[in-house]
Amino acid sequence: MALTHAASGEIVSVRPLGSALRESVSATLVRAPHFEVFRFVLPAGKTTPMHEAAGLITIQCLEGEVALDAHGRRQTLQAGDLVYLDDAEPHAVSAVTDASLLVTILLHRR
């Protein structure tokens with residue numbers, strides 16, 4: 001079954017998942033040719049490999065706590081924190097607690 005994404009003008013909830021967090025999965029909320037927004041759900045103890053996004057990126061912690069490795073240092077993001085990363089900045093995310101993140105990418109696809 002094809003995944004549906006929000007249409008222009010459609011309201012999408014990014015409220016914390018609360019007690020449903022542990023059973024939730026990551027999902028792309030908006031997909032356009034040069035723009036993506038997704039909710040990334042990361043259980044405590046899980047880590048993404050070091051990687052690069054194909055564009056400018058923001059990561060907003062909606063709930064929980066994660067460690068972000070980027071720019072040669074480790075920083076902690078907690079609910080309400082947001083970080084911006086330049087195009088192709090290598091980064092990795094590790095969940096300190098169960099967490100959900102709102103990731104926005106301004107893509108430079110051709």
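**Note on an eight-stranded predicted chain**

1. Glutamate 36 is buried, its relative accessible area being 8%; here buried stands for under 20% relative accessible area, exposed for over 50% and partly exposed for values in between, with a 1.4 Å probe and protein chains only. The model is predicted, so local features need pLDDT of at least 70 and side-chain atom pairs count only at pLDDT 80 or more, while totals for chains, interfaces and linings use all residues. Residues are numbered from 1 along each chain as its sequence is written, and side-chain values use heavy atoms, with hydrogens and water left out.

2. Glutamate 36 has a charged partner: it forms a salt bridge with arginine 31, with 3.2 Å between the closest N and O atoms. The term salt bridge denotes a side-chain nitrogen of Lys or Arg within 4 Å of a carboxyl oxygen of Asp or Glu. Arginine 31 is partly exposed, at 44% relative accessibility, whereas glutamate 36 is buried.

3. As to the fold, the chain has zero helices and eight strands, and its order from the N terminus is β-β-β-β-β-β-β-β. The radius of gyration is 14 Å, close to the 13 Å given by the globule rule for 110 residues, so the chain is as compact as a globular protein of that length. This radius is taken over C-alpha atoms, and the rule is 2.2 Å times the number of residues to the power 0.38. Helices (H or I, at least four residues) and strands (E, at least two) are DSSP runs, numbered from the N terminus.

4. Along the principal axes, the C-alpha atoms of the chain fill a box of roughly 35 × 35 × 25 Å. Of its 110 residues, 36% count as buried. Where contacts (heavy atoms within 4.5 Å) join residues at least 6 apart in sequence, 69% of them link residues at least 24 apart.

5. The accessible surface of the chain is about 6700 Å², and carbon and sulfur atoms account for 57% of that area. Areas come from the Shrake-Rupley method with a 1.4 Å probe; for residues, only the protein chains shown count as cover.

6. Four salt bridges are found in the whole structure. One of them joins aspartate 98 to arginine 22, at 2.8 Å from N to O. Aspartate 98 sits in the loop between β7 (91-95) and β8 (99-107), and arginine 22 in the segment before β1 (27-32), so this pair ties together parts 76 residues apart in sequence. Aspartate 98 is buried, at 19%, while arginine 22 is exposed, at 61%.

7. Aspartate 69 and arginine 74 also meet through their side chains in a salt bridge, at 2.8 Å from N to O. Aspartate 69 counts as buried, with 18% relative accessibility, and arginine 74 as exposed, with 53%.

8. Two backbone angles deserve a comment. Most residues other than glycine have a negative phi. Histidine 71, however, has a positive phi near 55 degrees; this residue lies in the loop between β4 (65-70) and β5 (73-78) and is partly exposed, at 42%. Alanine 88 likewise is not a glycine, yet its phi is positive, at about 65 degrees. Alanine 88 belongs to the loop between β6 (82-85) and β7, and its relative accessible area of 31% makes it partly exposed.
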